[in-house]
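User: Please take a close look at one part of this model, the packing of its secondary structure. What covers it, and what pairs with what?

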Amino acid sequence: MADSICRALRDGALEGELAPALTLKDSINSPFGFHAFAHVLMQLSSNILAGKSQSRGLVLLAFSRSPAYYLELLKKSGGNVGSSEKWIQILDCYTDPLGWKERFTGGEKISNVHQEVSNLSHLCTNVRDMDNLFSSIITLGKGFVGEGTVRFCVAIDSVTDMLRHSSTSAVAGLLSNFRSNDKVSSTFWLVHEDLHEEKVIAALEYMSSMVATVEPLTPSPYVCESSLNTPYLEHSSTKGRFHVRIKRRNGRVRVICENFKVEQSGIKFTSISSEDAVVNQGLVPKVQFNLQLSEKEQIDRARVVLPFEHQGNGKPIQIYDGRRSLTDSKDDDKPLSTSEKSKDEGAGKGEIIYFRDSEDEMPDSDEDPDDDLDI
């Protein structure tokens with residue numbers, strides 16, 4: 001399932017359509033949204049390096065992590081760090097988001113210590129200005145895709161931090177501009193769901209073609225409170241469910257789910273096992289009747305002769321149609337003589353004879369019998 005959203009971001013947008021957008025959500029109960037974000041980021045980066053993606057570059061807005069962190073992440077994943085500036089650019093909104101450090105140092109620009117980081121990082125000192133932020137991203141993207149039809153991808157590691165400095169409408173306008181820009185192939189972002197109002201999350205989901213939610217594994221209701229000890233919590237603290245809702249182009253919505261486990265090497269996704277399916281069936285409330293038949297009950301049901309079936313001891317089965325008796329249908333199969341046909345022609349025709357109860361009764365007409373009533 002995680003591969004499905006990675007493929008959608010890799011394939012990008014069709015001509016004349018909005019770019020695919022992914023919203024990743026997590027909460028304090030399962031704070032592994034960034035692990036999922038890093039997984040999608042690394043998968044998309046590998047596709048870009050292999051030339052399998054519609055986008056030829058990636059622009060990352062770093063709010064919650066430093067550019068040096070992402071450089072180390074690329075090294076661990078086996079990315080080509082030496083030529084990273086040719087396919088990835090990082091807009092550093094983490095070091096000095098409001099320009100306080102720059103004003104404190106007397107207007108001197110803060111430079112990164114590592115040369116590798118400075119080659120692919122660009123400092124942003126005013127994250128409140130959405131228009132300037134948008135123009136900076138487009139400029140960085142055009143730096144390695146040029147002016148042709150080549151596109152690039154946009155990733156935001158924390159929309160929550162953006163909403164700390166700007167209004168919901170301003171952030172929503174920025175994300176909408178990304179989707180409608182002909183240079184952007186796809187975009188995805190992370191948001192901490194429990195830190196915002198429902199209407200804010202609804203607005204982000206509305207602008208997304210895919211919504212992924214990181215949820216914890218809920219303990220079974222049949223487990224008593226005494227069994228919820230430390231080993232159980234340690235076992236389930238790094239596991240959870242990954243729910244994805246994908247809006248297709250034809251208007252249909254596909255909802256899928258799988259398990260995940262956070263390891264030292266990263267997050268691992270697995271399909272829901274048969275054991276989990278049995279547990280889910282066990283959570284169904286007990287009822288006083290059984291909806292399934294046993295083998296003996298199925299055999300007995302097959303032996304029941306239904307009322308409209310007439311078994312003929314080896315003869316063809318005749319079904320009564322409600323208009324004539326079975327004996328009449330047998331006689332119809334015999335050929336009739338000419339004299340018998342003439343008799344049956346007159347006798348076979350039916351008619352309805354109606355006698356009026358009195359002469360005062362008027363025959364049927366189109367006149368309304370209640371016309372003389374004064375209502």
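Analyst: The expected span of a helix is 1.5 Å times one less than its number of residues. Helices (H or I, at least four residues) and strands (E, at least two) are DSSP runs, numbered from the N terminus. The model is predicted, so local features need pLDDT of at least 70 and side-chain atom pairs count only at pLDDT 80 or more, while totals for chains, interfaces and linings use all residues. Residues are numbered from 1 along each chain as its sequence is written, and side-chain values use heavy atoms, with hydrogens and water left out.

Start with helix H8, residues 168-180. Its 13 residues reach 18 Å from the first C-alpha to the last, close to the 18 Å expected at 1.5 Å a residue. Buried means under 20% relative accessible area, exposed over 50%, partly exposed in between (1.4 Å probe, protein chains only). In H8 the buried residues are Val171, Ala172, Leu174, Leu175, Phe178 and Arg179. Seen down the helix axis, these fall within an arc of 155° (taken from the directions from the axis to the C-beta atoms). They therefore line one face of H8.

Now helix H2. H2 has 17 residues and spans 24 Å from first C-alpha to last, close to the 24 Å expected at 1.5 Å a residue. Of those 17 residues, 13 are buried, so H2 is largely enclosed by the rest of the structure. Glycine 51 follows H2, with a positive phi near 75°.

Next, the parallel strands. Two strands pair if DSSP finds at least two bridges between them. Strand E5 (residues 151-156) pairs with strand E2 (residues 55-62) in the parallel sense, over five bridges. Leucine 61 stands opposite isoleucine 156 of E5. E5 also pairs with strand E6 (residues 184-192), again parallel and over five bridges. There, cysteine 153 has serine 186 of E6 as its bridge partner.

How many of the six residues of E5 are buried? Six of six. In a regular strand the side chains alternate between the two faces of the sheet. In E5, Arg151, Cys153 and Ala155 lie on one side, and Phe152, Val154 and Ile156 on the other. Both faces are covered, with these residues all buried.

Valine 191 also belongs to E6. Its relative accessibility is 1%, so valine 191 counts as buried. Valine 191 and threonine 160 are 31 residues apart in sequence, yet 5.3 Å apart in space, C-alpha to C-alpha.

The antiparallel strands come next. Strand E7 (residues 210-216) pairs with E8 over seven antiparallel bridges. Alanine 212 has valine 244 of E8 as its bridge partner. E8 and E9 pair in the antiparallel sense over nine bridges, and arginine 245 stands opposite valine 255 in E9. The hairpin of E8 and E9 has five residues between the strands. In that hairpin glycine 251 takes a positive phi near 95°.

Then the rings. A pair of aromatic rings is described by the distance of the centres and the angle of the planes. Rings of Phe, Tyr and Trp (its six-membered ring) pair if their centres lie within 6.5 Å; planes under 30 degrees apart count as stacked, over 60 as edge-to-face and the rest as tilted. By this rule there are eight aromatic pairs. In one of them, phenylalanine 32 and phenylalanine 260 have ring centres 5.9 Å apart and planes at 70°, so the pair is edge-to-face. This pair links distant parts of the chain, 228 residues apart. Phenylalanine 32 sits in the loop between strand E1 (21-26) and helix H2 (33-49), and phenylalanine 260 in strand E9 (residues 253-263). Both residues are buried.

Phenylalanine 242 and phenylalanine 269 form a tilted pair, 5.0 Å centre to centre with 55° between the planes. They are 27 residues apart: phenylalanine 242 in E8 (residues 239-247), phenylalanine 269 in strand E10 (residues 266-270). Phenylalanine 242 is buried, at 1% relative accessible area.

Phe34, Phe37, Tyr69, Tyr70 and Phe188 form one aromatic cluster. A charge sits over a ring if NZ of Lys or CZ of Arg is within 6 Å of the ring centre and within 35 degrees of the ring normal. Arginine 65 lies over the face of phenylalanine 34, 3.8 Å from the ring centre. Its charged end also sits over the ring of tyrosine 69, 5.6 Å from the centre.

Last, the cysteines. A disulfide is a pair of cysteine sulfur atoms within 2.5 Å, and the structure holds zero. For cysteine 124, the closest cysteine sulfur is that of cysteine 93, at 4.2 Å, too far for a bond. Cysteine 124 is buried at 7% relative accessibility, and cysteine 6 is buried at 8%.
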